[in-house]
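Thanks for coming. I will go through one structure, starting with its metal site and then turning to its salt bridges. Please have a look at it first.

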Amino acid sequence: MILQGIRLADGEQNVNVRINNGKIDALTSVPIAGNTADLQLGFDDALIFPGLINSHDHLDFNLFPQLGNRTYKNYTEWGAYIHQQYKPEIERVLQVPLPLRIRWGMYKNLLCGVTTVVNHGEQLIIDDALITVYEETHDLHSVGFEKLWKLKLNNPLKKHLPVAIHIGEGTDEAASIEIDSLIRWNKWRRVLIGIHAVAMTGKQASSFKGIVWCPESNYYLLNKTAPVHQLKQHTTILFGTDSTLTGNWNIWDHIGMARKTGLLTDDELFHSLNSNAAKVWKMNTGAINKGKDADLVIARRKDHAAGFDSFYDLSPADLLLVIHQGNTRLFDQELLSQLASGLKGRGFSLIRINKVHKYVEGNLGELMEQIHTYLPEFSFPIEFIDHQIL
Ligand SMILES: [Zn+2]
């Protein structure tokens with residue numbers, strides 16, 4: 001596939017990209033001459049960027065509504081509160097079989113142009129994943145909720161994996177003390193990637209390879225977020241949504257909120273969603289360069305906005321094409337005639353999102369129906385029209 005004449009979201013120039021065997025094979029400023037077998041797509045006024053990397057989600061928790069009704073001091077207070085106040089609601093969602101919940105979690109991400117998600121929790125068994133679910137991590141829930149965390153942290157069988165842990169998710173002293181405790185007990189200097197870090201100082205941050213910033217979740221729970229303007233001097237900042245227990249399904253909403261804080265520059269926020277995340281997790285994606293996995297998003301540029309404004313203005317309705325490892329996973333209806341012959345025999349769902357029509361791989365209607373047999377009240381953010389074999 002050759003993509004011609006698209007503007008880099010983080011630059012001013014137009015580029016042309018060739019994809020071959022799931023990888024980016026060429027990136028040029030002059031049009032690429034293909035042979036007749038190559039599918040060529042030309043765009044005017046479109047943006048291209050690496051498929052987003054969501055560095056923190058719990059794929060199986062995305063059928064929950066936001067739970068909570070006030071500001072909490074820390075995650076243990078919130079956890080105890082919701083298990084007491086929302087017991088029936090939680091049980092209802094957990095009745096939905098795990099494979100269905102995970103599949104919806106993947107679609108939640110894909111619909112927004114996320115092509116890689118770092119899942120937190122038990123290792124998942126997923127066949128035919130539509131996006132990369134990255135699990136090369138040693139996950140500990142948190143100092144407060146993970147039993148025997150000191151032993152698990154230093155588990156010699158997991159020493160090659162980075163430890164991903166919720167840390168410092170609070171505004172009180174306990175949240176700050178647990179960070180010191182984790183650092184002190186990291187006897188074998190495991191690579192630490194901390195999630196949330198609301199209570200963290202710059203000095204503490206220097207003990208972490210990366211910090212996953214989840215501003216929407218932080219504001220919902222704590223009415224405060226991590227001081228990433230300070231932490232970024234000492235570690236690498238990545239971006240995460242967490243699950244819908246504490247945030248909107250749509251990562252663009254989270255990104256907009258993050259930008260408004262002004263704690264990262266536009267450039268830093270952009271790279272927290274792609275190349276910096278890829279570097280910290282050691283993934284071969286997150287950049288539009290020869291040899292990288294072909295994880296790419298092309299989106300409609302609105303109102304000729306200049307610079308980063310056109311990227312930060314996006315929403316799921318603006319996505320024209322989402323490519324994951326060279327495979328077309330989602331496209332706007334206006335590309336159907338050009339893409340159909342190359343996708344022959346593959347099943348896609350026609351959906352409506354904010355009044356525009358998209359095709360997304362797989363039978364989303366069937367999934368929605370199955371979920372509705374357990375949870376009829378769940379309201380999906382998209383409307384399913386039909387499933388088609390192209
Ligand atoms: Zn989490």
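**Zinc site and salt bridges**

At 7% relative accessibility, D242 is buried, where buried means under 20% relative accessible area, exposed over 50%, and partly exposed in between, with a 1.4 Å probe and protein chains only. Before going on, note that this is a predicted model: local features need pLDDT of at least 70, side-chain atom pairs count only at pLDDT 80 or more, and totals for chains, interfaces and linings use all residues. Residues are numbered from 1 along each chain as its sequence is written, and side-chain values use heavy atoms, with hydrogens and water left out.

Which residues hold the zinc ion as protein donors? They are H56 (NE2), H58 (NE2), H166 (NE2) and D242 (OD), at 2.1 to 2.7 Å from the ion. Donors here are N, O and S atoms within 2.8 Å of the metal, or 3.2 Å for Na, K and Ca; water is not among the atoms, so sites may look incomplete. Along the sequence, the donor residues follow the spacing H-x1-H-x107-H-x75-D. H58 sits in the loop between β6 (52–57) and α1 (75–85), and D242 in the loop between β13 (236–239) and α9 (251–261), so this pair links distant parts of the chain, 184 residues apart. Helices (H or I, at least four residues) and strands (E, at least two) are DSSP runs, numbered from the N terminus. H58 is buried too, at 8% relative accessible area.

The angles among the 4 donor atoms run from 82 to 173°, and the site is irregular. Four donors count as tetrahedral if all angles lie between 85 and 135 degrees; four count as square planar and six as octahedral if opposite donors are over 155 degrees apart and all others between 65 and 115; anything else is irregular.

Now the salt bridges. A salt bridge is a side-chain nitrogen of Lys or Arg within 4 Å of a carboxyl oxygen of Asp or Glu, and the count by this rule is 20. One of them joins D293 to K23, with the closest N and O atoms 2.7 Å apart. D293 lies in the loop between α11 (275–281) and β14 (296–300) and K23 in strand β3 (residues 23–28), so the bridge ties together parts 270 residues apart in sequence. D293 is buried at 13%, whereas K23 is partly exposed at 35%.

Another salt bridge connects R259 and D266, at 2.9 Å from N to O. R259 is partly exposed, at 25%, and D266 is partly exposed, at 24%.
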